[in-house]
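Here is a short report on one predicted protein model. Please read it alongside the sequence and the coordinates.

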Amino acid sequence: MKIVVVRDTFTENSTIGKMLIDGAFFCYTLEDTIRDVKVHGETAIPYGTYKVIVNMSNRFKRLMPLLIDVKGFEGVRIHNGNTKEHTHGCILVGATKSKDFIGDSKVTFNKLMTKLNGVKDITLEIIR
């Protein structure tokens with residue numbers, strides 16, 4: 001499965017994009033601001049392609065997608081949330097968007113988990 005995040009809206013508070021799964025639009029994404037110098041928990045991850053596994057999150061106490069080998073970052077997950085305060089350097093998913101906000105995030109995350117169920121080979125590419 002190939003997931004692509006196309007970043008297209010940049011503000012001083014967030015980065016919003018579209019998530020495509022195997023070429024089809026799936027949802028909107030919200031990440032932290034892109035920065036030249038990383039600020040822990042407040043910086044979007046670098047553009048690139050990452051392997052994704054689904055495993056147990058100690059923090060969230062549930063199965064969640066985890067991006068592997070993100071240079072300079074640890075524990076980058078895809079999860080639900082609405083604003084930059086919820087990202088902690090991760091990628092949020094939602095069905096609606098407005099400035100610095102995505103909505104219907106819990107429902108969207110659960111739909112994503114259903115799609116990922118049983119899939120062994122997942123990559124995520126972040127582009128602009």
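## Threonine 123

Leaving out residues up to four places away in sequence, threonine 123 touches Met1, Lys2, Ile3, Thr49, Tyr50 and Val52. Contact here means heavy atoms within 4.5 Å. Threonine 123 belongs to strand β10. Helices (H or I, at least four residues) and strands (E, at least two) are DSSP runs, numbered from the N terminus. The relative accessible area of threonine 123 is 24%, so the residue is partly exposed. Buried means under 20% relative accessible area, exposed means over 50%, and partly exposed lies in between (1.4 Å probe, protein chains only). Histidine 40 is 83 residues from threonine 123 along the chain, and their C-alpha atoms are separated by 24 Å.

The model is predicted: local features need pLDDT of at least 70, side-chain atom pairs count only at pLDDT 80 or more, and totals for chains, interfaces and linings use all residues. Residues are numbered from 1 along each chain as its sequence is written, and side-chain values use heavy atoms, with hydrogens and water left out.

## Nonpolar cores

A nonpolar core is a set of buried Ala, Val, Leu, Ile, Met, Phe, Trp, Tyr and Cys residues joined through side-chain atoms within 4.5 Å. The largest one has 24 residues. Met19, Ile45, Leu67, Ile78, Leu112 and Leu124 have the most contacts inside it. Two or more residues each come from β1 (2-10), β2 (15-21), β3 (24-31), β4 (48-57), β5 (62-68), β7 (91-94), α1 (105-116) and β10 (122-127). α1 gives the largest share, four residues.

A second, separate core has five residues, among them Ile16, Leu30, Leu92 and Ile102. Which residues does isoleucine 78 contact, leaving aside its neighbours within four places in sequence? They are Met19, Met64, Pro65, Leu67, Ile91, Val93, Phe109, Leu112 and Leu124.

## Helix α1

The end C-alpha atoms of α1 are 16 Å apart, which agrees with the 16 Å that its 12 residues should span at 1.5 Å a residue. The expected span is 1.5 Å times one less than the number of residues.

Ser105, Thr108, Phe109, Leu112, Met113 and Leu116 are the buried residues of α1. They cover an arc of only 140 degrees around the axis, so they lie on the same side of α1. The arc is that of the directions from the helix axis to the C-beta atoms. An α-helix has 3.6 residues a turn, so residues three or four places apart point the same way. Lys106, Lys111 and Thr114 are exposed on the other side of α1. Glycine 118 follows α1 and has a positive phi, near 85 degrees.

## Rings and charges

Rings of Phe, Tyr and Trp (its six-membered ring) pair if their centres lie within 6.5 Å; planes under 30 degrees apart count as stacked, over 60 as edge-to-face and the rest as tilted. By this rule there is one aromatic pair. Phenylalanine 25 and tyrosine 28 have ring centres 5.2 Å apart and planes at 65 degrees, so the pair is edge-to-face. Phenylalanine 25 is partly exposed, because its relative accessibility is 45%. Tyrosine 28 is buried, at 19%.

A charge sits over a ring if NZ of Lys or CZ of Arg is within 6 Å of the ring centre and within 35 degrees of the ring normal. Arginine 7 has its charged end over the ring of tyrosine 47, 4.7 Å from the centre. Lysine 38 has its charged end over the ring of phenylalanine 73, 4.2 Å from the centre.

## Loops and positive phi

Histidine 88 is in the loop between β6 (78-79) and β7. Its phi is positive, near 50 degrees, and the residue is not a glycine. Histidine 88 is partly exposed, at 41% relative accessible area. Aspartate 104 is in the loop between β9 (101-103) and α1. Phi of aspartate 104 is also positive, about 55 degrees, in a residue that is not a glycine.

Cysteine 90 lies in the loop between β6 and β7. Is cysteine 90 buried or exposed? At 5% relative accessibility, cysteine 90 is buried. Leaving aside neighbours within four places in sequence, cysteine 90 contacts Leu30, Glu31, Gly75, Val76, Arg77 and His79. The C-alpha atoms of cysteine 90 and isoleucine 78 are separated by 6.0 Å, with the two residues 12 apart along the chain.
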